[in-house]
Every structure is written in C-alpha cells, then in structure tokens.
Amino acid sequence: MMEKISGFVIRKSGPFSTRKNDTCLPTHTNTKPRPKFQVKALLGHCLYRRVVIWTLCIFAFLTVVLFDPHLTTQSRNVLRVVHGSKGLVQESPITPERIIFQNQDSVVVDAPKLEAVHQVKLGFKVGAAEDDISNAVPNDISGDALSNTPNRITDNTFTYIPSDGPDRVPEGAPKNTLKGDIPKNDIHQQDISQDGENEEDGEDGENEEDTEDGPKWLRYKHLDGYYRGLRALVQPSDYKPEYPKSKPSNPSESTPTPPHHTKLPEPAIYRPQPDYNSNEWRKNYVHVNPCYIDRTKKVPVPDLYAYRGLVQGQPEAAIGSHEALGLRSDVCFDRFGRYGPYGLGYSLDRGGLSESLDIESEGSETVWEQSGQINWNEIDWAEAQDRCFSANQGRFFTGNQTQDAELAATGRKKLHRTAIVVRTYVGFKWTAHAVLNFRAMISELNLQSGGEYDVHFLLHVRDNNAPIWADLATAQEIIDTYVPPEFHGLCTLWSEAQMKLFYPGNFGDTYENPSNADIHGVYRSAHMPLQHFAMMHPEYEHFWNWEMDMRWTGSYYELFDRLGKWGAKQSRVGAWERSAKYYIPGLHGSWENFTELVNREIQSSNRRPLLGPVTFAGKLALNQGENFMPASCASGSELSQCGVGEEADLITLNPLFDADESGWVFAGDVTGYQTALPKPPRRCSIVTASRLSRRLLSVMHEETWRLHHSMFSEMFPSTMAFHHGLKAVFAPHPVFIDRGWPQKEIDKAFNGGKDHSTGGHGSPFDLNNEHNHKGTTWYYNSEFAGLLWRRWLGYAQMDGRGKNGGRAGEGAMRGGREEEQNPANSGRLCLRSMLVHPIKWEDPTEKED
C-alpha cells in the first residue's frame with residue numbers, strides 16, 4: 001500500500017558544513033599588525049623565474065579546484081542513496097511546498113489529547129510477568145502427522161552433521177574464511193566490534209568520508225554470515241552469531257572459524273503440526289483424517305524438509321525473535337527443502353515447473369525420496385481443500401452461534417477455522433515461484449492440518465464496467481485469463497464499482513486526502529472487500545489479510561499457528577504500549593524483560609495503560625454495543641490476567657503506532673467524522689498483512705455502511721480496535737538487518753518517537769525516517785529483503801556494497817551457480833524461518849527495468 005509514497009516526496013539533503021564556514025564557530029581574528037604588501041618581495045631577484053613559478057602554481061590550483069569531483073559535485077542526496085534512483089530527486093533546494101500532499105487541503109485543528117480511557121474500574125499492577133510462550137507452544141516436534149513417515153524431525157533422531165564430520169578446508173580456500181562467501185571488497189568487515197556498541201561516529205563505518213552526507217546506517221559494516229551455506233552447518237550448541245555479538249566470558253575467546261564439510265548434510269522431514277495420532281490429541285480433540293492431493297486418495301501431501309542446525313556465523317534477528325513467538329530457532333531451510341516437494345528443480349513434462357534447473361542442486365534428490373516427484377499439472381486446489389474439510393468437518397465450529405454453543409458444551413474440543421485471504425489483481429504477473437509459494441501455503445495450512453485453514457484469492461477487477469457479480473461467464477473469463485488453472489476455484493472477484501453498491505451513500509468530509517483517490521478505491525479502502533468477504537463467509541472466525549509479494553522461508557503452518565497462540569496468550573494490560581514499540585532482543589533481553597520495561601515506562605510517565613474503548617468528541621455508538629471486554633478483565637479479577645487466553649482481534653506484523661504528529665503521510669486520511677472537531681485518536685500499522693477477527697470486521701463493516709466512517713487502509717482496522725476496546729497486538733516476528741547496527745542505534749532509529757515508541761514526533765514511519773527500513777527484511781521499501789531472498793533461491797545478485805555505503809543494484813555480482821558449486825565455497829544458503837517483503841521479482845529474467 002505504501003509503494004506510491006516515494007513518488008509524492010521530493011527532498012534534498014544539504015551538504016555538511018566544514019569548520020571553516022560553520023556559522024556556529026567564532027570568526028577567527030588576528031590581532032597582530034599586518035605588514036604592508038611588499039612588491040619587491042614578489043618580484044625581487046630573478047623576476048622571470050618567479051613569474052614562471054607563480055604562473056604554474058596558479059594553473060595547478062585552478063586545475064584542482066575545477067576538476068576535483070569532491071569539490072565540484074553536489075552533495076549526494078539521501079533519497080538517491082536509499083531509493084537507488086539516480087534521477088529521483090532534483091538538485092534544487094527543498095521548500096515546504098515541494099513536499100507534495102503533506103498537510104495539503106487539510107482542516108487545521110489544534111487537537112487536545114482526547115484518548116480518554118474508558119472507565120473500567122481496574123487497578124494497575126507492575127511486575128506481573130507473562131509465562132514463557134514455550135510453555136503453551138512446544139518448540140519440539142514429535143510423533144507422526146497425517147502419514148506414517150518415520151523420518152520426522154525430533155531432538156533425538158535428527159542427524160544434521162554429515163558422516164565425514166568437518167573436514168579441512170579444500171586446497172586453495174583461505175584459512176579464516178571460505179572463498180566466495182565474503183565479497184572481495186568487504187573482507188575487512190569481518191572484525192565487527194564487540195557487541196556492535198561502538199557509539200563514536202566513524203568507528204563502525206566502512207568509509208566515513210564517502211558517506212558523510214548520507215544516512216548514518218550506511219556507515220555500518222555489512223554482515224557476511226547470511227551468505228554462508230550448508231557446508232558451514234553446526235550444532236545449535238556450537239553456533240555463534242556474527243551479529244549481535246555477546247561479550248565473551250573469556251577475553252581471549254575469538255569468533256569460531258566456520259567448518260567446511262566436504263559432504264553436504266542431509267535434511268529431514270519437518271512437521272510443525274501437532275501429532276494428530278498421539279493419545280493426548282485423540283483424548284482431547286476429534287480425530288484428524290488424512291488429506292490427499294488427488295481425487296483417488298493415492299497421492300499424499302508431500303513434506304517440507306529442514307536441516308537441524310544453523311550456519312555458523314549467520315546473524316540473529318535484530319528486531320523480534322523466534323523464541324518470543326514459539327518458533328523453532330535451531331533449524332534452517334534451503335530452497336530445495338522448502339520448494340522441492342512442490343515442483344522446484346524438475347521439469348514440466350515430469351509435473352514440475354522447470355524452475356531452478358540451472359542452479360546449484362547437489363543433494364537435492366533427498367526431498368523426493370519419500371514422495372517422488374509429484375505431477376502437479378492436473379491439481380485443482382479448490383477441490384483438494386474442499387475434500388480435506390469434508391473429511392474433517394466434525395472437528396470444527398460452524399459459524400452458527402446456536403450450533404456452536406451446543407458443540408462447545410459436548411464431546412471433544414472443537415476448533416475455529418481461519419481463512420488466508422490473499423490480495424491479488426487483474427494483471428498480476430504469475431511466475432513459477434509465485435505458483436510454488438501458494439502450493440506450499442495450501443499444502444501446509446489446509447491439507448496437512450486436516451482443513452484448519454483455507455486459502456482464498458481476492459481478485460481485484462480493475463474494469464468497473466465488468467459485470468462480475470451479474471454474469472458468471474464474464475467472471476469465469478477473467479479468471480481463465482489472469483489466474484493459473486490450478487487456482488481458479490479459489491478466486492473471489494471484486495471491483496470498486498461493486499464496493500460502491502455494498503457501501504453506498506455520502507461518506508462526508510475528509511480531513512486530508514493526500515492520494516486524491518476515491519473513498520471506495522483499493523488504495524484508500526482495501527478493507528472494504530475484506531469486510532464484505534467476511535460477511536459472506538460465516539464459517540471462518542479469523543481472516544489473514546495477505547499479499548502476493550510476501551514470502552516465508554519456513555512452514556506456513558508454524559507461522560500462522562504460533563502467531564495465533566502467542567496473540568491469545570498476551571495480556572490486555574499494556575498491550576497497546578508494548579505494541580507501539582519494536583522489541584530489540586539484543587538490547588531488551590527476553591520478552592518478559594521487555595514487558596517489564598514497558599510496564600515501568602507506563603508507571604514512570606504517570607499514564608494509565610490504554611485499556612478498553614476510548615472516548616473522544618464526536619464518537620458514535622455501535623448498534624452491536626461496546627461490550628468487548630472479556631470476563632478476565634472484570635472488577636476484582638487479577639489485572640495481569642486481563643485478556644490472557646482471549647483470542648486477539650487484531651495481530652499485526654509491524655508496530656501499532658500513534659499516527660498523530662507521526663509524520664506518516666496518510667495520518668490525516670480520515671473520512672466521515674465532523675471535521676470541525678479534532679481528528680479522532682488513531683492507531684496504524686504499516687503493511688496491511690494482519691489477522692482480523694470476525695467481530696473486528698463486523699465492527700468495521702458497521703462503521704462503514706451505517707456511520708460512513710473510513711480511514712486509510714493501514715489505519716482503519718487498528719483504529720477501530722482502538723476505539724471499541726478490542727484486543728490488538730503487534731507480533732514481534734524475527735526481522736533481520738543487513739548491517740552491524742549498534743543495538744542502541746536501532747532503538748534510537750526505530751523507537752525514537754514519543755515516549756520511546758514508534759508514534760508521534762521521531763516516528764520511524766515519518767517520511768524523513770523511513771529510509772532506516774531499507775536494510776531490513778520486512779518493510780514495504782526494503783531492499784535487503786529481495787536481495788537476500790534471491791541469493792537464497794540461488795541467483796547471482798549485485799551485493800549492494802561499495803562507495804558511499806552501497807545500495808541496491810551496486811557493488812559486485814555475488815552468488816549464483818558458479819559460486820555455490822565452487823568446492824571452496826560453503827554451498828547454497830540455509831536460512832532460519834523469516835518473513836521477507838517486498839519480493840517484486842525472483843528469477844532475474846523477470847526483472848522489469
């Protein structure tokens with residue numbers, strides 16, 4: 001949603017002043033009497049010789065002044081550095097009117113703070129730490145899943161070190177590094193200072209002189225551990241991350257040299273689903289029937305593969321963590337273990353996708369030993385999902401409140417179902433990797449879970465004249481033209497003209513509309529079709545809003561299941577304050593420590609925690625009422641347990657920040673409220689990927705159709721949860737960073753807003769600060785996400801290094817088949833589970849200039 005922002009803004013960074021012309025420094029004066037100019041001293045003896053010498057000196061001086069690029073070129077623009085577009089920003093001086101659309105045509109109101117906490121009579125206790133999430137979500141995996149495959153990953157049976165052990169480095173490889181793993185122009189960067197905490201400018205820099213007019217993070221050293229491969233795999237107990245570095249107990253202790261196995265380790269089947277055949281499961285839940293890909297029930301669902309162990313030196317997450325969410329952090333995934341079961345690495349005539357036939361593939365045949373190379377040409381995913389649900393229908397609630405109340409009171413435990421709603425559009429370029437990604441998603445979320453999740457595609461038809469809701473032939477023709485056949489049955493079509501029919505009427509005035517888009521348009525109101533979809537599908541309790549350019553290196557079931565369990569475990573007390581900050585484990589310690597830190601910040605600020613619905617001038621009541629607080633929050637209950645065990649209504653993947661005075665360009669895009677009054681209090685989460693509950697979408701639906709309220713797409717769901725007292729949390733999933741940022745600098749850049757949060761003045765979502773996300777793996781403007789993802793897929797990429805700190809598309813070509821096949825190299829990449837976004841292209845042939 002935010003990809004159009006960079007086109008709205010034109011700005012320029014000024015040159016750094018030198019001490020010579022710094023107006024803050026006193027003007028130098030000399031009190032000594034100045035001697036009179038002596039012509040004789042200049043001409044004196046040997047006049048001719050002196051004239052020649054002076055002429056040459058003057059000529060040399062002019063040559064330096066006129067032709068030295070450091071003196072004659074303009075200072076490098078910040079946006080040129082961080083956007084990678086040399087023609088993006090003009091060199092004329094910045095003026096306020098050139099920041100287009102910011103505060104333009106807005107109603108200026110001096111708004112008092114009206115975020116009054118609804119009067120829930122509860123005390124506030126500091127120090128109630130939450131239990132470790134691992135107690136609720138087991139990290140280990142044992143037993144069998146839907147098929148009796150004995151090769152399941154367990155802590156006892158997983159063999160991850162090859163039989164020959166760590167051999168010597170092949171002849172010709174450097175002693176301290178593996179040839180091909182470290183870029184030639186960046187070998188000096190391996191000596192990252194202890195803890196990465198050198199706070200003096202320039203100490204962490206690659207070349208401070210080259211980056212003095214760019215963002216500070218460009219001076220931090222690139223991290224190399226991401227690009228080591230499977231031959232450097234070690235046991236989790238021997239793993240030492242390149243970043244962040246912990247202080248050694250022994251001062252003489254040095255960073256271990258990565259091993260170099262001559263034989264690649266072998267992966268094993270990875271199943272994060274519960275053991276559906278265990279006695280414990282059968283005692284508490286309805287039996288799970290296995291699901292199959294084909295109608296004849298002869299082709300079972302293939303398994304994902306992983307490596308038990310970690311690549312030595314691979315950095316840990318800089319923001320968020322696996323441990324906090326209950327995700328396994330002791331395994332890694334390569335491209336064949338992830339996508340090989342779904343058609344990567346074998347040809348179309350054998351049922352694959354003919355993708356990655358020209359990349360390094362040593363040992364990849366292991367992933368097909370159990371399942372064989374499945375022919376995916378005739379698959380119908382809608383039928384497969386329906387068959388799986390039908391075989392397990394008795395496991396789930398129905399969506400009918402009366403029936404579900406009866407089901408909950410009798411028999412074994414029933415589960416609510418979740419829809420993964422993937423947003424796509426007419427004209428989206430389906431590629432082989434996109435097909436692989438969604439085959440994996442459906443297999444892991446639906447077929448391997450006995451129908452717990454369904455995957456849908458919400459297809460935006462841009463032609464408002466197409467009668468997609470009136471003529472089935474027209475709708476089918478659009479699907480046939482723009483969607484691969486295997487996904488046809490999963491598509492639900494919508495258009496902006498259709499939304500005007502579902503949500504008619506006058507929406508009233510808007511405080512600001514910087515995009516100048518229509519209120520029913522996808523850019524401003526992407527929530528409208530999702531709301532309608534939820535109203536049409538009562539069988540689902542939760543809806544994940546997902547996008548086509550997002551990828552996850554691990555199991556999709558593990559991701560969505562753990563996020564949901566983590567959200568239910570969170571207390572409502574302090575949830576809004578915790579969700580407004582980035583969790584930085586290298587600085588904050590454990591999640592429990594972080595929770596205590598936020599509690600202390602609330603207490604020391606003399607603010608009450610935000611709990612329950614908020615009141616503000618002009619707020620209107622819902623027909624369905626405002627009673628969304630659970631019984632655990634009732635008066636007399638233990639406050640720390642308020643909301644614990646309650647499913648979250650909103651789970652976001654970026655902080656829920658206060659949009660007021662944050663500098664975010666769409667903070668004022670608020671429609672349907674009384675513009676004579678101050679703007680209502682707002683919360684926002686950049687990137688629309690999130691899980692929304694049925695009751696939140698029902699609230700949004702009523703606010704839209706009855707009250708004619710709306711806000712920008714990334715602000716409306718979180719603000720509605722905020723206004724009406726629904727449970728909302730930001731899940732601290734692991735986000736990786738491409739450089740060795742000092743931990744305190746991450747905190748300054750990403751939690752630099754009001755009250756040490758991501759909101760208000762100093763927000764990382766301010767237009768002037770968003771460049772800090774360029775080197776992360778998860779943000780709409782990230783450059784590192786695509787680079788790392790394509791290297792993991794096995795494609796050569798420009799490494800983004802070089803003068804001025806480097807940027808996307810610069811540096812040296814690294815990775816690819818030749819480098820990964822080099823015996824002195826550590827092989828193909830193996831990464832821990834991580835979300836990456838945005839992925840606009842994968843195979844280099846797909847890149848559009």
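## Confidence in the model

The chain has a mean pLDDT of 81, with 75% of its residues at 70 or more; pLDDT is the predictor's confidence in each residue, from 0 to 100. Residues 1–44 have pLDDT below 50, and beyond near neighbours in sequence this stretch has 65 contacts in the model, where a contact means heavy atoms within 4.5 Å. Residues 69–152 also stay under 50 in pLDDT, and the model has 205 contacts beyond four places in sequence for them. Where pLDDT is low, the predicted coordinates should not be read in detail.

A word on conventions: this is a predicted model, in which local features need pLDDT of at least 70 and side-chain atom pairs count only at pLDDT 80 or more, while totals for chains, interfaces and linings use all residues. Residues are numbered from 1 along each chain as its sequence is written, and side-chain values use heavy atoms, with hydrogens and water left out.

Let's turn to the sheets. Strands (E, at least two residues) and helices (H or I, at least four) are DSSP runs numbered from the N terminus, and two strands pair if DSSP finds at least two bridges between them.

Strand 7 (residues 417–425) and strand 10 (residues 540–547) run parallel and are joined by 7 bridges. Arg423 stands opposite Glu547 in strand 10.

Another open sheet is formed by 3 strands in the order 3-4-6, with antiparallel pairing. Strand 3 is joined to strand 4 (residues 304–308) by 3 bridges, and Leu304 in strand 4 is the bridge partner of Tyr270.

## Cavities

The model has 8 cavities of 30 Å³ or more. On a 1 Å grid over the protein atoms alone, a cavity is a set of points where a 1.4 Å probe fits but cannot get out, and lining residues have an atom within 4 Å of a point. Grid points are joined across faces, edges and corners, and a volume is the space filled by probe spheres set on the points.

The largest cavity holds about 170 Å³ of space. Its lining has 18 residues, and Asn545, Thr688, Ser690, Ser713 and Pro717 lie nearest its centre. Helix 13 (527–536), strand 13 (650–652), strand 17 (690–693) and helix 19 (716–724) are the elements that give two or more residues to this lining. By type, the lining residues are 8 nonpolar, 8 polar and 2 charged; Ala, Val, Leu, Ile, Met, Phe, Trp, Tyr, Cys and Pro count as nonpolar, Asp, Glu, Lys and Arg as charged, and the others, Gly among them, as polar.

## Backbone details to check

Most residues other than glycine have a negative phi, and most peptide bonds are trans. Val687, in the loop between strand 16 (683–684) and strand 17, has a positive phi of about 80 degrees although it is not a glycine.

The peptide bond from Tyr243 to Pro244 is cis, with omega near -15 degrees, and Pro244 lies in the loop between strand 2 (233–234) and strand 3. The bond from His837 to Pro838 is cis as well, with omega near 5 degrees; Pro838 is in the segment after strand 22 (835–836).

Note on methods:
1 Å grid on protein atoms, 1.4 Å probe; cavity = no way out; pocket = protein on both sides within 12 Å on 5 of 7 lines; lining within 4 Å.
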